[in-house]
Amino acid sequence: MEIHIVPMDSTHLDGMEELERQCFPDPWSRKILEDLLGDPHAYGLAAVDGAGVLLGYASLHVVLDEGHINNVAVRPAARRQGVATALLLALKQYGQAQKLAFLTLEVRESNQEARALYAGQGFAEVGRRRGYYTHPKEDAMIMTLEFATWN
């Protein structure tokens with residue numbers, strides 16, 4: 001599968017909104033996605049195929065020297081084909097280029113595939129947020145990738 005990682009922009013909004021509904025029990029609204037695009041502290045990437053079809057997206061917020069990954073969403077038909085890995089690699093490159101101390105995220109405790117994906121990219125489970133998710137109610141595992149200390 002041909003995967004291109006590009007900066008997220010307004011042309012991706014319809015696809016992002018669709019992915020939110022496909023991937024998450026509590027999808028973000030179009031307004032939240034629009035606000036994300038205009039947020040100077042946010043960084044978003046889209047994974048598109050050779051025809052420009054949105055395969056997935058990922059975003060993070062930068063708070064001081066920390067990168068907080070908001071969402072990693074991949075079209076169900078494109079899963080297990082390297083899309084999420086390509087997005088995570090690009091987020092890691094961004095984090096290193098920005099000299100962030102770490103990237104962190106929450107993932108459903110039951111989402112073993114995602115937890116394995118993140119672990120394979122160097123993220124370690126560092127904590128738990130009890131009852132973090134609703135629909136259904138579930139704990140979140142906090143996973144963090146620490147970068148080298150910058151001088």
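Residues are numbered from 1 along each chain as its sequence is written, and side-chain values use heavy atoms, with hydrogens and water left out. Because the model is predicted, local features need pLDDT of at least 70 and side-chain atom pairs count only at pLDDT 80 or more, while totals for chains, interfaces and linings use all residues.

Helices (H or I, at least four residues) and strands (E, at least two) are DSSP runs, numbered from the N terminus. Two strands pair if DSSP finds at least two bridges between them. In general, the strands of a sheet pair through backbone hydrogen bonds, in either a parallel or an antiparallel sense. Here seven strands form an open sheet in the order β1-β2-β3-β4-β5-β7-β6, and the pairing is mixed. The edges are taken by β1 (4-7) and β6 (124-133); each has a single partner strand, so one side of each is left without a neighbour in the sheet. From one strand to the next, the twist averages 25°; axes are lines fitted to C-alpha atoms, for helices over the stretch in contact, and angles run from 0 to 180 degrees between N-to-C directions.

The pairing of β1 with β2 (residues 42-48) is antiparallel and extends over four bridges. Within this pairing, His4 has Val48 of β2 as its bridge partner. Helix α1 (residues 13-23) lies across β3 (54-63) and β4 (66-74) and runs at about 90° to β3, where contact means heavy atoms within 4.5 Å.

Two loops hold residues with backbone angles of note. In the loop between α3 (83-97) and β5 (102-108) lies Lys99, which has a positive phi of about 55° although it is not a glycine. Lys99 is partly exposed, at a relative accessible area of 48% (buried means under 20%, exposed over 50%, partly exposed in between, with a 1.4 Å probe and protein chains only). The loop between β6 and β7 contains His135. His135 is not a glycine either, yet has a positive phi of about 55°, and counts as exposed at 54% relative accessibility. A cis peptide bond, with omega of about -5°, joins His135 to Pro136; Pro136 is placed in the loop between β6 and β7 (138-146).

Rings of Phe, Tyr and Trp (its six-membered ring) pair if their centres lie within 6.5 Å; planes under 30 degrees apart count as stacked, over 60 as edge-to-face and the rest as tilted. The count of aromatic pairs is three. The ring centres of Tyr132 and Tyr133 are 4.9 Å apart and the planes stand at 90°, so this pair is edge-to-face. Tyr132 is partly exposed, with a relative accessible area of 41%, whereas Tyr133 is buried at 18%.
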